[in-house]
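Visitor: I would like to go through this entry step by step. Please show it to me before I start asking.

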Amino acid sequence: MTAKSTPAGGTAVVRAFFWLPRSARAGALILVVLVIVTLLAPLIAPHDPNAIDPTHVLAAPDLGHPFGADALGRDVFSRTVYALRTSLAIVFASVAVASLAALPLGTAAGYFGGWVDQVISRPLDMLLVLPALLLAITLIAIVGPGSIVAALAIALIYLPILARVQRAASLVVAHAGFVEGGRARGWSSLAVLRRHVVPNALGPLLVQAAILAGFAVQIEASLSFLGLGTQPPTPSLGLMLSEGRDVLTQAPWVEIFPGLAIAVIVLAFNLLGDGLRHRLDPQGMAS
Amino acid sequence: MLQINDVRVRIPVAGGRWVEAVDGVTLAVGSGEIVGLVGESGCGKSTLGGAVMGLLPGGAQLSGQVLLDGRDLGGLTAEEYRRVRGNDIALVSQDPSASLDPTFAVGAQVAEAIRNHRDIGRREARERAVELLRAVGIPDPGARYSDPPHRFSGGMKQRVVIAAALANDPSVLIADEPTTALDVTIQAQILHLLRDLTVRTGTGVLMITHDLGVVAQVCDRIAVMYAGQVVEQGTVRDVFADPLHPYTRALLDSQPAAHHRSGDLPVILGQVPDLTDPPAGCRFAARCARVHDRCTTAPPVVETRGGGRVACWLHDALPPVAQEVS
Amino acid sequence: MNPRLLFVLRRLGLTIPVLFVMSVVIFLIIRLVPGDPVRTMLGFRATPESIAQVRAQLHLDDPLWVQYRDWLAGLLHGDFGQDFVSKAPLSELLAQRVPVTLEITLLSMLLAVAVGVPLGVRAAVGGRWARRLTEGFVVFGISVPDFWLGIMLVLVCAGTMMWLPPSGYVPFTEDPGGNLTYMILPVLTLAVAEAAYIIRTTRGAMLGVIGRPFIVYLRAKGTRERSIVYRHALRNAATPIATVIGIQFGVLLGGAIVVETLFALPGVGRLIVTAINQRNYPVVQAGLLVVATLFILVSLITDLVVGFIDPQVSDRGES
Ligand SMILES: Nc1ncnc2c1ncn2[C@@H]1O[C@H](COP(=O)(O)OP(=O)(O)O)[C@@H](O)[C@H]1O
Ligand code: SF4
Ligand SMILES: [Mg+2]
């Protein structure tokens, strides 16, 4: 083994990786590979995802088209790579927006309790009155379809869930001894929140976010499949599945690969989330 | 009656090691007799009870003999043992709140104990269960039959547990700290209820406790357990009047007067030995005020003294070879 | 008062504000559309006259609270408004569409419960193989997107084997056998993920219960293992299981939208999606209202069932 000097950030990542339980490492690895693939999409994809090729209509998988070609002769592999890019971007955006909103809301609700909790939690609870996909569809019905709306819709679904988790975690931390200690030392609420409550309550939120990210892929794909999410010509997994239905029996590869891609991402996020739960959320506050 | 002969139980723990929780216990409970099994927490009392009930933790190894009314329970199949449990031997355990199924009516839980062993109809079982509830002192048992456990106090729940345990007139009842979880005022009531019901039916009771006060109140005989072994047994009167084993003596000395019992363990200096690696000689040697050199080399043999038995080199049939330390 | 009756009344009381909030949210949908919703609805047909006419027809010029009051009053009399495109009364349309959605979701739920609960129990108390197989099924069911599973089922069962219709529908009242044949693939599609969640929850809940002392005490009474597992442990595990079934019903309602589109089933879900694409807001509202109401009712039923299974729940806060 050669001793190579890794930058400090690199060692931290490596250490974090080995800190995960084994199954979660597999999930993390899959996700890292997928993220790299999507970042390098222009290098990895052998074809322009939207290039129509009449000579390859419904061509079966071969070396030039590893996942075959669709009804317009477009390369399914290239389209899957670019679609992954769209999906992951929407997923990360939606989960990030929801988590960033849930963090202050849930923390304040859990830490202060009382009327602050009421003012924050009641309206969020109302979002849970509709089943998740219906809530997304309601928002899309109002604003109109599109990738950004889909991301916002998913964020809206996740906001009350994440806020609840953060609220529960903060509630526990707020009653732990060291917070009292901080107060006794005359720290302001904000200082106590920043130095104790947030860092100590963050674990369950991360776990929940990781698990929800997997399902965000499914929701995004469902919305696009219904024509309510990403709009053509942007490649998206749900759209590909919707378009491939007509040629299902002649060219099943048009359907099989994008679907597998979704299943793999969901699986990876689930493995990662479960592993993080073991490490960060032993009381199981995230669902 | 129950006869336990040289019973040993090993329980697997992490790292491929075994806890020798019960180590060569010989003990008998006659019909209508109440035998107190006393010892500090962790000395193996419950495990011995589990060995008798055939309810040891997974992977545990049992050797020795358990005879119930002359029948060896060791060779029973799972289904045969099930027919014995709750029928010939019954259990009342420490925490009545944890013993009852929280989602079932208390009466149904008594009726179930009957129907597990008798092929009778629901109606008949219900009538019999109501009678049992009445016998253990549940007021208005017909109306309370359908109430879930959480609508009863701890003492009342323990009465229900006792009713279910005695439903089939077992020959032996294992009462594992039946009053530990209860209010002091309720404890005596439950003890006397147990005593009255079992004496009447001739049920023998193995009364597991860490409280010598309980023994003084209701037991006929006492067996003192230390680190997996019974170190002394005899009639309550003899043992209390003249404890032979230094551990028994220490227990009695550290016990406050019987009329103001504390619920807590008596304090004896020193630590209980690690049961995954018990000492070679007497297991009490590290804490014994009268330890001498023979004690650490070989385990003391059990000697008969009067009506009782003791395992201590001080009471060896042969005169001690070496001088006592104190 | 009887604690159970009190529990039922209290839970019913909690449902009313939820229904109210939901109705307000759905009422507001059309009012929240950016710009003029009527212009959006009419598209290229929008002229100042047609806009004014439709605004009047939809009462959009009344004060908001009057609009809401009239809308709610109409709903309470079974008047859901008019299809903006076909002008047909929506109550009739919904009467055709709702049973389809109910049939898919309830059949899926039934199948998932019938399969998931016993498998979850086996996963908890069975041997290593039972555990491995069910774990594999759970991972599969949770990871695979439902509509893709549906497509693959079509590929395998309908495409290759040709013994199941890939899509279509006949009402049960016209042709019960045909109706059920059309239901097989959609129901399977929805039930797999549902069953996976039920298995996972059942297994976890059962493991928690099996470790509790009262199970030992049941053994000490000589209770048969089968009765310990299925009568006692399962009943104690029922609260989380029923709760998940209730939550999953919401997921099923969402899944129904996708599956109805996939299998060309004339349910409320497909109705909503079509209506959104046509900017047919009255239909969108009516459809969402029905689905959300179903969801709220199922949550209510779930809670009541839990209260009846576990007396501790219905007794809580009794005094
Ligand atoms: N399930 C188990 N797994 C591992 N060790 C156990 C288990 N049950 C009991 N033991 C060990 O066996 C010994 C005797 O325990 P127990 O019979 O419960 O004692 P007592 O009832 O006298 O307090 C203790 O050292 C305890 O740690
Ligand atoms: S054998 Fe020795 S150490 Fe053990 S109790 Fe007797 S005197 Fe004490
Ligand atoms: Mg014990």
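This is a predicted model: local features need pLDDT of at least 70, side-chain atom pairs count only at pLDDT 80 or more; totals for chains, interfaces and linings use all residues.

Visitor: Why does chain B count as compact as a globular protein of its length?
Guide: The globule rule gives 20 Å for 326 residues, and chain B comes close to that, so it is as compact as a globular protein of that length. Its C-alpha atoms fill a box of roughly 70 × 45 × 40 Å along the principal axes. The radius of gyration of chain B is 21 Å.

Visitor: What percentage of the contacts in chain B between residues at least 6 apart in sequence join residues at least 24 apart?
Guide: Of the 326 residues of chain B, 53% count as buried. For contacts between residues at least 6 apart in sequence, the share that joins residues at least 24 apart is 64%.

Visitor: Which residues surround ligand 2, and what are their classes?
Guide: The space that ligand 2 takes is the largest cavity. Around the ligand are B:His245, B:Pro246, B:Cys282, B:Phe284, B:Ala285, B:Cys288, B:Arg290, B:His292, B:Cys295, B:Cys312, B:Trp313 and B:Leu314. By class, this shell has 9 nonpolar, 2 polar and 1 charged residues.

Visitor: Is B:Glu177 buried or exposed?
Guide: B:Glu177 is in the loop between β7 (172-176) and α8 (184-201) of chain B. Its phi is positive, near 50°, although the residue is not glycine. Most residues other than glycine have a negative phi. The relative accessibility of B:Glu177 is 9%, under the 20% cut-off, so the residue counts as buried.

Visitor: Where does B:Asp6 lie, and how does its accessibility class it?
Guide: B:Asp6, which is not a glycine, has a positive phi of about 50°. Its place is in strand β1 (residues 2-13) of chain B. With 38% relative accessibility, between the cut-offs of 20% and 50%, B:Asp6 counts as partly exposed.

Visitor: What is the omega of the peptide bond from A:Pro232 to A:Pro233?
Guide: A:Pro233 lies in the loop between α9 (189-225) and α10 (237-244) of chain A. Most peptide bonds are trans. The bond from A:Pro232 to A:Pro233 is cis, with omega near 10°.

Methods. Residues are numbered from 1 along each chain as its sequence is written. Chains are lettered from A and ligands numbered from 1 in the order in which they are written. Side-chain values use heavy atoms; hydrogens and water are left out. A residue is near a molecule or strand if one of its heavy atoms lies within 4 Å of it. On a 1 Å grid over the protein atoms alone, a cavity is a set of points where a 1.4 Å probe fits but cannot get out, and a pocket is an open set with protein on both sides within 12 Å along at least five of seven lines; lining residues have an atom within 4 Å of a point. A molecule sits in a cavity or pocket if more than half of its atoms lie within 2 Å of its grid points. Ala, Val, Leu, Ile, Met, Phe, Trp, Tyr, Cys and Pro count as nonpolar, Asp, Glu, Lys and Arg as charged, and the others, Gly among them, as polar. The radius of gyration is taken over C-alpha atoms; the globule rule is 2.2 Å times the number of residues to the power 0.38. Buried means under 20% relative accessible area, exposed over 50%, partly exposed in between (1.4 Å probe, protein chains only). Contact means heavy atoms within 4.5 Å. Helices (H or I, at least four residues) and strands (E, at least two) are DSSP runs, numbered from the N terminus.
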